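Trainee: I would like to learn how to read pockets and ring contacts in a model. Where do we start?

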Amino acid sequence: MNPVTVNVIVGIASLLIGYLFGGIPTGVIIGKVFFHIDPRDEGSHNSGGTNVARTISKKVGILVIVLDMLKTLAAVLVVWAILRFTPLWDYMQWGVQVGYTTIGGAKVWYWLCGLGAAIGHCWPIYLRFKGGKAVSCYMGLNTLTSWIQFVLSGFTYLFAAKKSHYISLASMITSIVGTVVAWTIFVLKVTVPFNWDIFMWSFGFGAAEELFVTYGLEYAVANTIIAVLLILRHSANIQRLKNNTESRNPFEKDSK
C-alpha cells in the first residue's frame, strides 16, 4: 500500500482511538455505579472531576481527575504500541529536517490521538455528546509525557487555584502556561543544538524515531488547539467570573 495512504489512514484512526478513549465518562460511571448520582444533573452539569467533587465528594472528584488524565495517556500508548509493534511502523513517514529537529513523522499521530481524547472528553458519543471541559485531558497529555510540564503546570495550577479560589480560572491559566512552555521548547529545539527531549519522561534516551513522544511542532500545535478548546469550554465560567458569581474551588478545606 502507498505510504501516504497508510499515513492518512493511521492519522484518522489515531484521532478516532483518542476520541473513543477520551469519551469514556469516568465521572458518570463512578457516580451512577457507586453513588447512584449523575453529576450532570447537578452543579455545573458536566461530567468532569471538579463537578464530581461538588456533587459527590472531594476524594471521588480527585479520583475522576486522575482517571481522566490516565485515559488520555492510555489512548496515546495504544496508538504508539499499534504503530511500533506492527508492520505499520515500516510505512511511517519521518518528516523533514527543520533547524536542529525533524517536523512530522509517526509522533504526529500520538499528539493527534491526544487531541482526539480531549474532543471525546468534551463531546462523548457515550453520553450524547455532553461531557467535560478538557482540563484533565490537557493535564494528562502534558504532565504524563513531560516532567517539566508536570512541575510547571502542576505548580501553576495549584498556585492559581489557591490564590484565586477558582478551579476554572486556574485551569485556563495553566493551559496558557503549558502552551507557552511547549512553543518555547519547540523554538529552542529548532534553533539550539541540544537534546531538548530530556524534558520528557523518557529523558531523551534513545534514537529520535524510537522515542515514545518528543517535543516538537506537533506537540506545540496539539497543546495550542486543546488549550483553545479548554478556554472556549469555559466561556460560561468566564462570564460568571466577570459577574462574580462563579463557584469557588470545591477542593478547599472549607468546601464539601
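This is a predicted model: local features need pLDDT of at least 70, side-chain atom pairs count only at pLDDT 80 or more; totals for chains, interfaces and linings use all residues.

Trainee: How much space lies in the largest pocket?

Mentor: Rolling a probe the size of a water molecule over the atoms shows where empty space is left. Here the largest pocket holds about 900 Å³. It is lined by 38 residues, and T50, I65, Y157, I167 and F251 are the closest to its centre. Elements giving two or more residues to the lining are α3, α4, α6, α7, α8 and α10. The largest share, 6 residues, comes from α7.

Trainee: Is α6 mostly covered or exposed?

Mentor: Mostly covered: 9 of its 9 residues are buried. Among them are C137, Y138 and M139. The buried residues of α6 pack against α4, α5, α7, α8 and α9.

Trainee: Now the rings. How many aromatic pairs does the structure hold?

Mentor: It holds 11. Take F155 and F159: their ring centres are 5.8 Å apart and their planes at 15°, so the pair is stacked. Both lie in helix α7, 4 residues apart, about one turn of the helix. F155 is exposed, at 58% relative accessible area. F159 is partly exposed, at 46%.

Trainee: Which residues form one aromatic cluster?

Mentor: W147, F150, F194, W196, F199, W201 and F203. Look also at W89: the charged end of R84 sits over its ring, 4.6 Å from the centre.

Terms used: Residues are numbered from 1 along each chain as its sequence is written. Side-chain values use heavy atoms; hydrogens and water are left out. On a 1 Å grid over the protein atoms alone, a cavity is a set of points where a 1.4 Å probe fits but cannot get out, and a pocket is an open set with protein on both sides within 12 Å along at least five of seven lines; lining residues have an atom within 4 Å of a point. Grid points are joined across faces, edges and corners, and a volume is the space filled by probe spheres set on the points. Buried means under 20% relative accessible area, exposed over 50%, partly exposed in between (1.4 Å probe, protein chains only). Contact means heavy atoms within 4.5 Å. Rings of Phe, Tyr and Trp (its six-membered ring) pair if their centres lie within 6.5 Å; planes under 30 degrees apart count as stacked, over 60 as edge-to-face and the rest as tilted. A charge sits over a ring if NZ of Lys or CZ of Arg is within 6 Å of the ring centre and within 35 degrees of the ring normal.
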